[in-house]
Every structure is written in structure tokens, then in C-alpha cells.
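Dear colleague,

Please find the structure below, handed over for your own work. My notes on it follow directly after.

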Amino acid sequence: MTIALDLIALDSLATLVDGLPAVVLDSAALLPGPAGVRDEVERRVARRAHRPRALLVVGLLRRDDTWPTSAGVLDATTAVMARSLRGDDWLGRSGPAEFAVLLDGSADDADVLAARLTDRIAGLGFPGLGAGAGIAVLEDGVPAGEVLRRATLSLTTARSAGPGTVVRYRGAR
């Protein structure tokens with residue numbers, strides 16, 4: 001099952017509940033989770049590519065050691081992510097503090113988007129909050145699980161290098 005989320009609805013929902021103190025809104029919880037991300041990657045891998053496609057995984061980095069990431073941070077990050085995407089891009093949560101973006105575009109397009117997202121997340125004003133990103137290109141013949149592994153490996157490398165780092169999987173040369 002694929003769950004589609006109208007990203008504009010996030011702002012509309014926030015407006016709808018504004019002023020109602022008993023309501024706690026966690027817009028990140030409205031996004032498809034890891035199973036939904038895997039399903040969407042599988043769907044896109046199975047579809048014949050007419051143009052380049054990429055998976056971008058953005059992971060939050062925090063200097064504090066609290067867990068889990070607060071709803072306020074996730075809410076603000078979700079809003080930044082949603083506002084930064086194009087109409088055909090797809091957004092989901094691949095982990096507790098990770099967001100997955102599937103985009104129709106080249107690896108260079110993914111690099112530009114990743115840099116923009118990590119900058120905007122760092123600029124949210126939460127002390128110690130940053131982000132790193134990993135990118136994997138969807139290639140013909142490469143299964144969804146491998147695409148996810150490549151993006152996650154790239155994110156792990158980016159996180160170890162520090163906030164603002166973007167790593168694209170390039171494979172063995």
C-alpha cells in the first residue's frame with residue numbers, strides 16, 4: 001500500500017488546530033514511515049526510467065544527547081522539507097530522525113537539493129541542530145533494497161563528517 005500525503009495539507013492542518021491548546025500536532029507522524037519509503041522506492045525502481053531519479057536521505061544531527069528528537073524539531077524539519085520540494089518529489093520518514101526524498105532528477109539535482117535542505121535545517125534556530133544527507137541514484141537493474149542501503153551508507157558517512165555534509169554513493173570505480 002502506498003500512502004500519499006498532500007504536503008500543502010501540513011500547513012493547512014497546522015492552521016486548523018492553531019489556538020487549540022489540547023491538540024498536539026506532529027506533522028512528521030503524518031508522513032509515510034520506513035515501510036512506505038521502501039514501498040515507494042520499490043515502485044519507482046520497477047518503473048522504467050524515462051529520466052534520472054535519485055533517493056536522498058536527510059538525517060538530523062544534534063549536539064544534545066536527548067532521545068527521541070522533540071516533536072517541535074520534527075515538525076519544523078518536516079515543514080522545511082515539504083516547502084523545499086517540487087510537485088513530483090516524494091517525502092517520507094525513513095527513521096526516527098531521518099527523512100527520505102525521492103526525486104525525478106539527476107544526481108546533480110539531488111546534490112543541490114541536499115545542500116539546500118541541510119542549510120535550511122541548520123537555519124531553523126534550534127541550538128545544536130544540523131543535518132547531513134546521503135544520495136543514491138536509482139539505476140536500472142539495482143534493486144530497491146540496494147538503493148536504500150547505498151543512501152543509508154552515504155548518510156552514515158555524511159553524519160560522521162558533520163553537519164552540512166552531503167555524500168553521494170558512487171560505488172567502486
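Is Glu42 buried, partly exposed or exposed? Glu42 is partly exposed, because its relative accessible area is 37%; buried means under 20% relative accessible area, exposed over 50%, and partly exposed in between, with a 1.4 Å probe and protein chains only.

Before the details, two remarks on the source. This is a predicted model, in which local features need pLDDT of at least 70 and side-chain atom pairs count only at pLDDT 80 or more, while totals for chains, interfaces and linings use all residues. Residues are numbered from 1 along each chain as its sequence is written, and side-chain values use heavy atoms, with hydrogens and water left out.

Salt bridges

The structure holds 12 salt bridges, a salt bridge being a side-chain nitrogen of Lys or Arg within 4 Å of a carboxyl oxygen of Asp or Glu. One of them joins Glu42 to Arg38, with the closest N and O atoms 3.3 Å apart. Because these two residues are four residues apart in helix H2 (residues 34-46), about one helical turn separates Glu42 from Arg38. Helices (H or I, at least four residues) and strands (E, at least two) are DSSP runs, numbered from the N terminus. Arg38 is likewise partly exposed, at 37% relative accessibility.

Asp104 forms a salt bridge with Arg44 (3.7 Å, N to O). This pair links distant parts of the chain, since Asp104 lies in strand E3 and Arg44 in helix H2, 60 residues apart. Asp104 counts as buried at 15% relative accessibility, and Arg44 counts as buried at 5%. Asp104 also meets Arg47 in a salt bridge (3.8 Å, N to O). Here Arg47 is in the loop between H2 and E1, 57 residues from Asp104. Through shared partners, salt bridges join Glu40, Arg43, Arg44, Arg47 and Asp104 into one network.

Seven of the seven residues of strand E3 (residues 98-104) are buried, so the strand is largely enclosed by the rest of the structure. Glu98, Ala100, Leu102 and Asp104 point one way from E3, and Phe99, Val101 and Leu103 point the other way. Two strands pair if DSSP finds at least two bridges between them. E3 pairs in the antiparallel sense with strand E1 (residues 53-62) over seven bridges, and Leu103 is the bridge partner of Ala54. Strand E2 (residues 90-95) pairs with E3 in the antiparallel sense over five bridges, and a hairpin of two residues joins E2 to E3.

Nonpolar cores

A nonpolar core is a set of buried Ala, Val, Leu, Ile, Met, Phe, Trp, Tyr and Cys residues joined through side-chain atoms within 4.5 Å. The largest has 25 residues, and those with the most contacts inside it are Leu56, Val58, Leu60, Met81, Leu91, Val101 and Ile121. The elements giving two or more residues to this core are E1, H3, E3, helix H4 (107-122) and strand E4 (129-137). Apart from this core lies another, of 15 residues, among them Val41, Trp90, Ala100 and Ala151.

Helix H3 (residues 71-84) is mostly covered, with 10 of its 14 residues buried.

Yours sincerely
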